[in-house]
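Have a look at it first, and then read on.

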Amino acid sequence: MILDYIGVKEVNGSLIVIDNVENAFYEETVDIRLDDGSMRQGRIVQMEGKRVVIQVFEGSREISLDNTRTRLRGRAMEMPLSPEMLGRVFNGAGDPIDGLGDIYPEQRMNINGSPINPVSRVYPRNYIHTGISSIDTLMTLIRGQKLPIFSGSGMQHNELAVQIVRQANITDAEGEGKFAIVFAAMGVKNDVADYFRRSFDESGVLQNVVMFLNLADDPIIERTLTPRCALTTAEYLAFEKDMHVLVIMTDMTAYAEALREFSSSKGEIPGRKGYPGYLYSDLASLYERAGMVHGKKGTITQLPILTMPNDDVTHPVPDLTGYITEGQISLDRSLDGNGIYPPVGVLPSLSRLMKDGIGKEYTREDHTALADQLFAAYAKTMEARSLASVIGEEELATSDKRYIQFGKLFESRFITQGFNENRSIEQSLDLGWELLSTLPRVELDRVKEELLDKYYVEGLCK
Amino acid sequence: MENQNVIYGINGPVVTVKNARSFSMMEMVYVGHERLVGEIIGINDKFTTIQVYEETTGLTLGEPIYGTGSPMNVTLGPGIMSNIFDGIERPLKEIAKESGTFIARGSTASALDQEKLWDVTLKVKVGDVIESGKVYAEVPETLSVMHKCMLTPLIKKATVTKVQPNGKYKVNDTVVEVEDETGQKHELSLCQKWPIRNARPVAKRTTSTVPLITGQRIMDALYPITKGGTACIPGAFGSGKTMTQHQLAKWCDADIIIYVGCGERGNEMTQVLEEFSELIDPRTNRLLTDRTVLIANTSNMPVAAREASMYTGITLAEYYRDMGYDVAMMADSTSRWAEALREISGRLEEMPAEEGFPAYLPSRLAEFYERAGYVHNINGTEGSISVIGAVSPAGGDFSEPVTQNTMRFTRCFWALDKSLAYSRHFPAIDWMASYTEYLNDLEAWYIQELGEEFLEYRNVINNLLQEENKLMEIVKLVGADVLPDDQKLVIQIARVIRIGFLQQNAFHQEDTYVPIIKQREMMKVIVHLYNKSKQIVAANVPLDDVLATGLYEDVIKMKYEVPNDKLEMFDDIISNIDRTIASVLNA
């Protein structure tokens, strides 16, 4: 017997309350039909006795106490999945919006997913070559990693993401394995979504992309579902269809803000900056859906993008993200201001999985030492610069002057590279050695003598 | 009566029951047809509140709730070692066999392998009067751990009435029967249960005078912790908390390691699993996994089980301590645990205190850390639990409540610094902000084991670092060139200390673990270099003349060049220092 519940008892933000509901279950989805014939969807978020609280994805505008009929769907929020999703465009709640009709599902999966058992995981070790010197050398991306781009408004994070997608060598060395990109836009401007679509098209990968678009003016409740729909699709493609999936989620800050808006409308006790206390768990339930597992060929690599409000890395969203993800690529406002692309702020950036995915078997035996030394040298450049800003560059000791010079070269030759420039790992590493060789050999205290003998270029240090 | 308790309300992991009478506070219950594990966390005359340790999606109102009559407990017995559990002691390997890659709900896998046969040696005979804590059977659990089955503290005194012969038994087989003072009979198997939120009793707590040697120079030499001590490692993301915890778990000289991954990354647990099953414990020459238990409640696993995981960990630690072992527990990270408290507190609509954390946060933290300590067990043995808790302060700001409260209840503080991490100085422990309160307790041990000079070297090194810190203020303003030579010397020696001693490479074969004797020798060399260089300054010879010889760089490289088992090579370094300085003086 299918029951329609007529009217609601309470409306509050995007939440509606219905009384005397029988046989509902927690997180069940519902269809809501308004008297004007329009349909909305919702989900049960709280139950007490016969009173249930429903979150309406499209928002509660125009809902009055007696103009709705609500029907329980009898299942939790599920995503219809099929290989034909590749090349299609969906809205934030997973419904197709490209006018090509519905998906004929091969299977349905709960969008909340289930946690991957830690013993089933495979520790990620295969490095992904991105062709960008700063990333490949200093914060190597590993297949199965979650590596966010910390950016700010107005910086070129979208270009960087596109360049990574275009150049990423994501298939196996043997050329095996299909790849796919799942793109989730959350609260981004129409132009941005369009930029990504065009770029995918130009680089000829559009047929391998699944797009989920929740634009800036779309309902926020839908936004809280968008990454879940995207990741469910990614899990399906990776673990059922053996594909290497790269998930780009932008902008995580907009997602967190949607969550905050929803939380406050539920009347929850706010934590830091008004974000709900469970923001960490919630973000973790997204980011942890990256990885590799035993017995499956496919992998999920995540590249979330988030803009830091006021470039503040201690803001709850980048802060909690940094605690969950395996490193970060931090973009730097002053590099960006100096016209350096990609403006990767090397010192605060980090790839936690890199140490096990580089070196002799993967890239080259000198990679670890070189990266360490570059970091240390660039950190010294920063110290020298702050000293120079007090006493003037002229007054610096010779050794400090050398570091200033090194820093200039490092930024203009190593970090800077063209949008279409794809450097091989050997090129990047050799360039690193060339720059380090402008420093006296004794200063390179992170590198073993054998490596210095082999790679240090004599005569460049003046 | 039993099945009258049904679900009345659901809000995330919190489920309420109306008009329930039969439940007691902290009782473990099964919720719904799928029998999800839960715990009673609130009772009033109308509602009973339950926190559920699994996802509540799909539960309906009216589903039954089954009481168990006992509080949330863990099973203690052979089979714990080298295992990996979730926050409520469910074996993850078994769950993976049951439900595949993803963790399904309502798993009924029992904590310990029920079928495995253990080699049991009985240690009592009929007629013996045994008291709680008495070892009645021994089982070689792994190659490096002898498991001792002890009379549970719940039975004070009993007489043995029946003993099985030595042989192979399963965990639940009865091996001994006893009769307690009231005449009640008990059957003792290889395992026992214990509620996780209650500390196991001890005879007496004492002050520990033995350090927990970690093989990490900055910890052993500058900021040591005792066996039975507590330490706090706070640090912003990327500063190396987990890395430091891993190093401690690998190399510290405890008998048993309990590693609790509380709300952290799944890949990290996988890494521990993989690495530890390949690494060899330098003391026993056995695999590290043989002495390690992992408790993995990753950040995407249910939040209530995350809250329980710390208690599960410390209960396991207490059980092995009772056997007379030195146990070290790594908790990574206690902030996630505090956040789990906050999240559940929020769902219960409790009045929040600082930053939304519940007002009882400090008392919970205190309760937890006080379960550490060096003790005389009730069976007469001595054991210890050292707890090393990582803290992940929001925004890297140590003034937040979890860091501040943890500092009150721990006595060793290893502050990780972001700027050190940025310049890839690892371990990124900030020597200015860190401290230890254990030094006085350990003085006698250091003098006896390493001689008077160890503490003298430590003082010299400590003072040099303090002085460098002051000088750096000046250097930042005017540059190092204008300093007089005696101050330049301090800066140069401090550089040797920082790079050559404090910095330690976890990926270098020799440097990842450094025996305390070698640490002393390294300190000796540095102090010797300092004293000798002072002669240069006193003779008004420019310090730059010494620096030009590359002597300081040579000393810095000693950490890589002197293998851990060739300490006599330090004599060469010292004579090299003497020679070089002499030649500079004579030039």
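## Salt bridges and what they join

A salt bridge here is a side-chain nitrogen of Lys or Arg within 4 Å of a carboxyl oxygen of Asp or Glu. By this rule, the predicted model holds 64 salt bridges over all chains.

One of them sits inside chain A: the side chains of Asp31(A) and Arg73(A) meet with N to O at 3.1 Å. Asp31(A) belongs to strand β4 (residues 28-34) of chain A and Arg73(A) to strand β7 (residues 68-76) of chain A, so this pair ties together parts that are 42 residues apart in sequence.

## How confident is the model?

Before going further, a word on confidence. Chain B has a mean pLDDT of 91, and 99% of its residues reach 70 or more. For the model, the scores are ipTM 0.87 and pTM 0.91. Where pLDDT is low, the predicted coordinates should not be read in detail.

## Where the two chains meet

The size of an interface is often given as the accessible area lost when the parts come together. For chain B and chain A, about 6100 Å² is buried between them, with 56% of it on carbon and sulfur atoms. In terms of residues, 77 of chain B are in contact with 72 of chain A.

How many salt bridges does the rule find across the interface of chain B and chain A? There are three, including the one between Glu449(A) and Lys557(B), whose closest N and O atoms are 3.1 Å apart. Polar contacts between chain B and chain A come to 29 residue pairs, with both residues at pLDDT 80 or more. On the side of chain B that touches chain A, helix α4 (residues 266-276) of chain B gives the most, with eight residues. Sorted by class, that side of chain B has 28 nonpolar, 27 polar and 22 charged residues.

Strands take part in the meeting of the chains as well. Strand β5 (residues 39-48) of chain A pairs with strand β1 (residues 7-11) of chain B in the antiparallel sense, over two bridges. Met47(A) is found opposite Ile10(B), a residue of β1(B).

## Backbone details worth a look

Most residues other than glycine have a negative phi, and most peptide bonds are trans.

In chain A, the peptide bond from Thr250(A) to Asp251(A) is cis, with omega near 5 degrees. Asp251(A) lies in the loop between β17 (243-250) and α5 (252-265) of chain A. In chain B, the bond from Phe426(B) to Pro427(B) is cis, with omega near -5 degrees, and Pro427(B) lies in the loop between α9 (418-422) and β26 (435-436) of chain B. Asn285(B) is not a glycine, yet its phi is positive, at about 60 degrees; this residue is in the loop between α4 and β21 (292-297) of chain B.

Conventions
Residues are numbered from 1 along each chain as its sequence is written. Chains are lettered from A and ligands numbered from 1 in the order in which they are written. Side-chain values use heavy atoms; hydrogens and water are left out. Contact means heavy atoms within 4.5 Å. Buried area is the accessible area (1.4 Å probe) that two parts lose on being put together, summed over both. A polar contact is a pair of N or O atoms within 3.5 Å; within protein, one must be able to donate a hydrogen and the other to accept it, and residues adjacent in sequence count only if both atoms are side-chain atoms. Helices (H or I, at least four residues) and strands (E, at least two) are DSSP runs, numbered from the N terminus. Ala, Val, Leu, Ile, Met, Phe, Trp, Tyr, Cys and Pro count as nonpolar, Asp, Glu, Lys and Arg as charged, and the others, Gly among them, as polar. Two strands pair if DSSP finds at least two bridges between them. pLDDT is the predictor's confidence in each residue, from 0 to 100.
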